[in-house]
Amino acid sequence: MAAVQLVLQAQDVHTYYGHSHVLQGVSLQILEGQIVALLGRNGVGKTTFVRSVIGFTPPLRGRISLFGRDVTRLSPERRARLGLGLIPQGRRVFRSLTVEENIEVAARGEGGTSLQDLMEIFPNLNERLRVRAGKLSGGEQQMVAIARGLRTTPRLLLMDEPSEGLAPLLVQKLTELIRQIRADGVSILLVEQNLPLALEVADFVYIMERGRVVYQGLPEQLARDLQAQSAFLGI
Amino acid sequence: MSRRYWIPAVGLGLLFLSAVPTLLPRYAIDLIAQGMIFAIVGMGLDILVGYLGLPSLGHAAFFGLASYGLAIPVTRLGWAPWAGAGVGLLTAAVAAALFGLLAVRCRGVYFLVSTLAFGQVLWGGAVKWTSVSGGYNGIPGIPRPSLFGWSLWEPDAFYYFVYAVFVVVAAMLVLFVLSPVGKILTGIRESESRMRVLGYRNQLYRYMAFSLSAFVTGIAGILMAYFNTFVGPDSLHWSLSAQTLLMVILGGAGTLLGPAGAGILLVVAQNLISNVTERWTMVLGLLYVATMLFAPRGVLVLLRGLLAQRRPSS
């Protein structure tokens, strides 16, 4: 294999919810160290794609490989152990655990990004370590969810709409954070509706529409392609 | 509840319990010993109900199995009482290990029904298989052992024996729920999928917690068999499971100390109220309804809320 490794390779993925054919042949790949953005309107299948990669809704047809290994039939927990991390949509924290417990439960007894290092990234969480996560503000909960995702030391991190509902100032912070995560050697699949954020950080962009990839290219390309933006993103 | 309140409260409670034999009459001492035995069941069950969100309606199975496992070799084969205790605990543990394989695959009401069925099958067995279990007559004449030269036939010695087991079990379980494993169980209760994404094999943890919970309940079964020097099919019956489940809910699921306190208080209340009326279960039912109305997360959680309100901050 070439020097640059494929961390994620999805080939012709077809995923169903019951009889409804949600993903209709999605192919997407991420190279090591890349930030790849997956854009698209609500309900086009972005989250379903994330669930297929994680293993919650395995594809009926097609193939998903992580780090060069076919994982199409592996359970989510096995995939996680290979180095796949998820920051789920909508600030999913463990509400009755404290901030510290939320983060430490992700360590699974192994090494990983230490709590100390994470507190340097999220200084405002530092003083709230013993507070129950359910009592935090939305923005803080999102930070906890991201910190938890990083505590597992993923090689590939799936971020499902991390900017959703965040104040502009926090979105700016998130942008820096995503860059920082990548600088630490983590590849990222960024699922977003926020086009400026995606264009700012991504190395490559995919757009989905009705369960298919309808556009792929470099972010600079998409930034200029106003026709594609209005057709697929309604901007 | 902040440490400021609960450390002194627990300390006072333990101090009171340790002084019971010098303060109260014989009848009350026995009652509280019995209460502590139920408190052990309550704490064991709380691991499942409170920390994993799995309501068991069959925990009497492990309670009764431990009692029968003790009684049969001791009374029929003349084994020593301590050896019998080992057999009893082993019986409960093996039953939990086998039944747990099936039970941890179920959730919610399915878990409730499968544990109920499991318990009732054993109860049916104890009633019908008279040659082994003595049927409705049960097995009388279970001897109490000696410990460090003290005979547990001595009532105060027996009380302190139960007290010591209660304190040790409570301490172990508190350490358990505060440990990382305890947090993992809470995580699984809140979101199985999120824990899977973190790489956890939830089923394994659920199985472990189920076995631990059953084992702790078995310890209480051994104590109860020594206490009564008798075991009968009632100790396997679902109504006992239901009472212990109510105990956990009334005390406050997921607090350990709540169910422990409720265990002691309900045994005492049952005896006091039974002096006045025969309708104890009706009183228990009313208590349950009142709890659901005014303290749906249990009495301890209600108290915690009231204390928090009285403090100006937070």
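Two residues are taken to be in contact when their C-beta atoms, placed from the backbone, lie within 7 Å, and this tour of a predicted model begins with a place where that rule is applied between chains.

Select chains A and B together: by that rule 15 residues of chain B are in contact with 19 residues of chain A. On the side of chain B that touches chain A, helix H8 (180-190) and helix H9 (192-197) each supply at least two residues, and the largest share, six residues, comes from H8(B).

Among the contacts in chain B between residues at least 6 apart in sequence, 78% join residues that are at least 24 apart.

Now select residues 81-103 and 108-128 of chain B, which are helices H4 and H5. Their axes come within 11 Å and cross at roughly 150°, and the crossing of H4(B) with H5(B) is right-handed. To see the contact itself, show the side chains of B:Phe99, B:Leu102 and B:Ala103 on H4(B), together with B:Phe111, B:Ser114, B:Thr115 and B:Phe118 on H5(B); these residues divide into five nonpolar, two polar and no charged.

Move on to helix H7, residues 155-178 of chain B, whose 24 residues reach 34 Å from the first C-alpha to the last, close to the 34 Å expected at 1.5 Å a residue. Which residues of H7(B) are buried? They are B:Phe158, B:Tyr159, B:Phe161, B:Val162, B:Phe166, B:Val169 and B:Leu173.

Finally, bring chain A back and centre the view on A:His14, which is found in strand E1 (residues 6-17) of that chain. With 16 other C-beta atoms within 10 Å, A:His14 is partly exposed, because a residue counts as buried at 20 or more such atoms and as exposed at 12 or fewer. Leaving aside neighbours within four places in sequence, A:His14 is in contact with residues including A:His21, A:Leu23, A:Pro59 and A:Arg61. A distance drawn from A:His14 to A:Ser27, C-alpha to C-alpha, spans 9.7 Å, although the two are 13 residues apart in sequence.

Key:
Residues are numbered from 1 along each chain as its sequence is written. Chains are lettered from A and ligands numbered from 1 in the order in which they are written. This is a predicted model: local features need pLDDT of at least 70, side-chain atom pairs count only at pLDDT 80 or more; totals for chains, interfaces and linings use all residues. Helices (H or I, at least four residues) and strands (E, at least two) are DSSP runs, numbered from the N terminus. The expected span of a helix is 1.5 Å times one less than its number of residues. Axes are lines fitted to C-alpha atoms, for helices over the stretch in contact, and angles run from 0 to 180 degrees between N-to-C directions. A crossing is left-handed if the near helix is turned anticlockwise from the far one by less than a right angle, and right-handed if clockwise. Ala, Val, Leu, Ile, Met, Phe, Trp, Tyr, Cys and Pro count as nonpolar, Asp, Glu, Lys and Arg as charged, and the others, Gly among them, as polar.
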